[in-house]
Amino acid sequence: MAHNVVLVGIGGYGINYTHYFRTLEKEGNTDYVVSGIVDPFWEKSGDADWVRERGFKVYNSLEEFYAEKTADIALIATPIPLHAQQCICAMEHGSNVLVEKPLCPTIDDAIRLQEVSQRTGKFLAVGFQWSFSTTMLSLKKDILAGRFGKPVALRSYISWQRFLSYYNNTWKGKYQGKNGEWILDCVITNATAHYLHNLYFISGGALDEASMPNYVRAESYRVKPDMETPDVFALRGEIACGAERTVVPFFYGCSYSLSGAQCTTFEYEFELATIKFNIDERDDQVRAYFRDGSCAVYGNPQPSWERARKITTCLEALDDPSVLIPCTIKTIMPHLKTCNGLFAYVPNIPVPARYLVTEYDSAGSPGILAHTLRDNMLVCVNEMKLPSEKGYSWSHDPVEFTPDTLTAFPGVYCAEKVSPEV
């Protein structure tokens with residue numbers, strides 16, 4: 001019997017879901033039927049013509065959909081502030097859920113979602129797509145099997161650029177919505193969330209687990225003066241990694257506001273090999289370089305078929321409860337607690353104006369970026385030291401906290417003190 005699917009949000013990232021089901025139709029797959037679409041702004045979607053051609057009924061809310069129909073699974077790709085309530089609505093009406101990352105802004109929301117999932121017996125999968133990819137799962141299996149020996153150190157650095165056109169809605173870069181609801185959107189909670197989560201996920205003691213850091217020492221900065229939330233983060237700490245839970249140091253740096261070449265990198269060092277992504281060869285291939293000179297290529301976690309594994313996995317789980325869902329509420333907790341701790345304890349420091357420049361993207365959209373900081377951050381990553389520990393003039397003292405002690409979101413610490421030498 002075919003499974004009914006409701007697509008919630010088909011604009012923005014949601015178009016990846018409509019593309020997936022368009023592909024199923026072309027392949028003649030009738031195992032999964034789109035029974036409805038929820039999106040009050042569906043006509044702005046790049047797949048609006050497909051919706052019209054197929055005659056799908058469109059609803060303004062999930063409540064409207066469930067008043068008429070049911071669904072075996074809800075695929076939710078809406079703005080962050082809507083995730084928690086839509087997940088709850090779907091599970092309460094008998095649907096399993098795959099929701100895009102981040103799951104929700106606060107620990108409080110996640111705890112509430114966990115209770116509803118347990119009470120209704122419906123799974124809630126979170127779309128950190130690298131956790132579902134064959135590339136990362138194969139790598140993690142070998143880490144757990146001890147192929148690389150004991151872990152030594154983990155580091156990752158992401159430097160992207162976002163211009164004014166990126167903020168063309170009411171919630172990007174915001175602490176709260178107009179009604180006071182938490183959003184907490186920024187580079188580490190949303191745009192580059194995959195990569196901090198991946199560092200924690202790869203460290204997990206099982207395929208569906210991520211490790212909670214023992215502590216985090218962090219600094220955060222804001223380049224764009226007209227944005228609320230920080231857009232530069234540097235954090236280091238310690239984390240238990242692999243099947244033997246060996247405690248190792250880690251470093252994570254990210255920004256979407258630094259001038260210069262963009263990069264998406266990680267380097268996971270083990271006794272017998274170093275696993276690299278876009279370090280020596282920038283082709284999105286994950287490689288393990290062994291000390292004996294050999295190399296194992298795990299593949300590229302980025303292509304569309306790898307990104308679609310989260311959908312495929314969840315659809316398979318509808319028929320077979322034994323199918324492993326590698327990213328759930330428990331799996332995202334280390335990332336969520338780290339991010340809540342960053343907002344609660346680490347001040348949001350403006351970068352001095354003398355570092356700021358205005359640049360433009362290929363479409364002519366302007367954006368304020370910072371020069372010098374990118375090269376400084378590269379040094380920090382390589383040495384696994386925070387900007388303040390390197391003595392950079394734009395830096396401020398770090399704050400240390402223990403993510404696992406957080407049982408609720410305490411609120412936002414966004415001290416408007418300025419860096420030295422403004």
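**Aromatic pairs and charge–ring contacts**

The structure holds 23 aromatic pairs, where rings of Phe, Tyr and Trp (its six-membered ring) pair if their centres lie within 6.5 Å, with planes under 30 degrees apart counted as stacked, over 60 as edge-to-face and the rest as tilted. For Tyr13 and Tyr17, the ring centres are 6.5 Å apart and the planes stand at 70 degrees, so this pair is edge-to-face. Tyr17 is buried at a relative accessible area of 2%, whereas Tyr13, at 30%, counts as partly exposed; buried means under 20% relative accessible area, exposed over 50% and partly exposed in between (1.4 Å probe, protein chains only).

The model is predicted, so local features need pLDDT of at least 70 and side-chain atom pairs count only at pLDDT 80 or more, while totals for chains, interfaces and linings use all residues. Residues are numbered from 1 along each chain as its sequence is written, and side-chain values use heavy atoms, with hydrogens and water left out.

A further edge-to-face pair is formed by Tyr221 and Trp394, at 5.0 Å centre to centre and 75 degrees between the planes. Tyr221 belongs to strand 8 (residues 215–222) and Trp394 to the loop between helix 13 (387–390) and strand 18 (399–401), so the pair ties together parts 173 residues apart in sequence. Helices (H or I, at least four residues) and strands (E, at least two) are DSSP runs numbered from the N terminus. Both Tyr221 and Trp394 are buried.

Ring pairs also link Trp130, Trp160, Tyr195, Phe266, Tyr268 and Phe277 into a cluster.

The charged end of Lys172 sits over the ring of Tyr166, 3.9 Å from its centre (NZ of Lys or CZ of Arg within 6 Å of the ring centre and within 35 degrees of the ring normal). Lys172 also lies over the face of Trp171, 5.3 Å from the ring centre.
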